[in-house]
Protein chains: 4
Amino acid sequence: MSVIAELSIFPLDKGVSLSPYVARAVSIVQQSGLSHDFGPMGTCIEGEWDEVMQVVSSCFKDLAQDCSRISMSLKVDYVQDRTGRLQSKIASVQEKLT
Amino acid sequence: MSVIAELSIFPLDKGVSLSPYVARAVSIVQQSGLSHDFGPMGTCIEGEWDEVMQVVSSCFKDLAQDCSRISMSLKVDYVQDRTGRLQSKIASVQEKLT
Amino acid sequence: MSVIAELSIFPLDKGVSLSPYVARAVSIVQQSGLSHDFGPMGTCIEGEWDEVMQVVSSCFKDLAQDCSRISMSLKVDYVQDRTGRLQSKIASVQEKLT
Amino acid sequence: MSVIAELSIFPLDKGVSLSPYVARAVSIVQQSGLSHDFGPMGTCIEGEWDEVMQVVSSCFKDLAQDCSRISMSLKVDYVQDRTGRLQSKIASVQEKLT
């Protein structure tokens, strides 16, 4: 059950400079070895449901160590029997734009 | 680490009548025994992070049995050392409205 | 084009007590006269697309007067030729639960 | 009031091949002339609040012409007096990763 999950996570008790906290989450995603795409509003992670949710949990638990309020949003897209969609979803739209 | 998570999940391959699938997810949330609030755009679930994520996984895996494409969104709010927030968050806003 | 939009909006530069700011947004929704449902993770607003987006803009612009960083999320569900869905969506799921 | 808004929009009544509809929305974003970043789970648009909301409305109204059910999600990040954040947000996190 391969999914793409877009993760956005940040603390609410650390002022407006969020990049140190976002970097901690992105670093955890990178170390997972899963395919990912880091964007301006979130990080897309592709993998088996359980693998991806494990990474999401690790990101949350890491921030919860020193953040007293956290906002997280996760958007998941699942298509049966399909992988490599971080690239193919974009390619599929782009060929219809030209 | 108690959180509130708002879950919205539905298939994309079953036409526009989504309520049978939403009902399956809501039923799983009900059977979990966790505090929850079922609304027009999602179901809010309150509990420990691991408990809540377990329920979210159960909902996803249930729908993935017979749905070939699924969209899910999850929005999480965590406040350290606080529980009972399904009620208290609403009360806190309402007392400022009157 | 009647829609339900779930609005969640809060500042990131005002610490962790968000209810005064949420109350300002909820108050603007109330004054709009549109059908709405205030929940633990957001406020669902039902109305014509342009009406609803006008209210969303008013909420954003109100908070932007004194907040230097704002996070907003909006989730919209549109069904052609259907209104009164704040109630009917819930009823439709509930009849499948019993 | 410059914002980044991540837009995700798709029909629920057209089966699981969504790229033709996503391409229509992305095309409207491109024609707006606003800075944007097209990703696997949504398109980030940067501009003044009113400009961005105008583009979002155009995307919705375009799809509503022939789609009977539409799901849309919008995630907005506003920072006072800051522009060019589609690039600077990513750069700010990346310099903390190295």
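Predicted model: local features only at pLDDT ≥ 70, side-chain atom pairs only at ≥ 80, totals over all residues.
I started on the outward side of H1(B): the face turned away from its buried side carries the exposed residues Pro20(B) and Gln31(B).

Tyr21(B), Val22(B), Ala25(B), Val26(B), Ile28(B) and Val29(B) are buried in H1(B). I looked down the helix axis to see how they are arranged: the buried residues of H1(B) fall within an arc of 155°, so they line one face.

At 1.5 Å a residue, its 14 residues should span 20 Å, and the end C-alpha atoms are 20 Å apart, which agrees. Just past the helix, I noted that Gly33(B) has a positive phi of about 80°.

**Chains A and D**

I superposed chain A on chain D. A rotation of 180° with 0.0 Å of shift along its axis does it, with an RMSD of 0.0 Å. The two copies are thus related as by a two-fold rotation axis. Which C-alpha of chain A is nearest the axis? I get that of Gly39(A), 3.8 Å from it. The same surface serves both copies, since 93% of the contact residues of chain A recur in chain D.

Then I went through the contact itself. Chain A puts in 28 residues and chain D 26 residues. On the chain A side, the elements giving two or more residues are strand E1 (2–11), helix H1 (19–32), strand E2 (35–38), strand E4 (69–79) and helix H3 (85–97). H3(A) gives the most, with eight residues. Sorted by class, this side of chain A has 15 nonpolar, six polar and seven charged residues.

**Chains C and D**

I moved on to the contact of chain D with chain C: 19 residues of chain D touch 19 residues of chain C. Helix H2 (49–64) and strand E4 (69–79) of chain D each supply at least two residues of the chain D side. Which of the elements has the largest share? I find E4(D), with 11 residues. The chain D side divides into 11 nonpolar, five polar and three charged residues.

I followed E4(D) across to the other chain. It pairs with strand E4 (residues 69–79) of chain C in the antiparallel sense, over 11 bridges. In that pairing I see Leu74(C) standing opposite Leu74(D).

**Inside chain D**

I looked at the hairpin last but one. Strands E2 (residues 35–39) and E3 (residues 42–48) of chain D run antiparallel and are joined by five bridges. The hairpin connects E2(D) to E3(D) through two residues. For one pair, I noted Phe38(D), whose bridge partner in E3(D) is Thr43(D).

Last, I picked Ser57(D), which is in helix H2 of chain D. Is Ser57(D) buried or partly exposed? I put Ser57(D) down as partly exposed because it has 14 C-beta neighbours inside 10 Å.

Terms used. Residues numbered from 1 in each chain as written. Chains lettered and ligands numbered in written order. Least-squares fit on C-alpha atoms with pLDDT ≥ 70 in both. Contact = placed C-beta atoms within 7 Å. Helix = DSSP H or I, 4+ residues; strand = E, 2+ residues; numbered from the N terminus. Nonpolar A, V, L, I, M, F, W, Y, C, P; charged D, E, K, R; others polar. Expected span 1.5 Å × (residues − 1). Buried ≥ 20, exposed ≤ 12 C-beta atoms within 10 Å, placed from the backbone. Arc of directions from axis to C-beta. Pairing = 2+ DSSP bridges.
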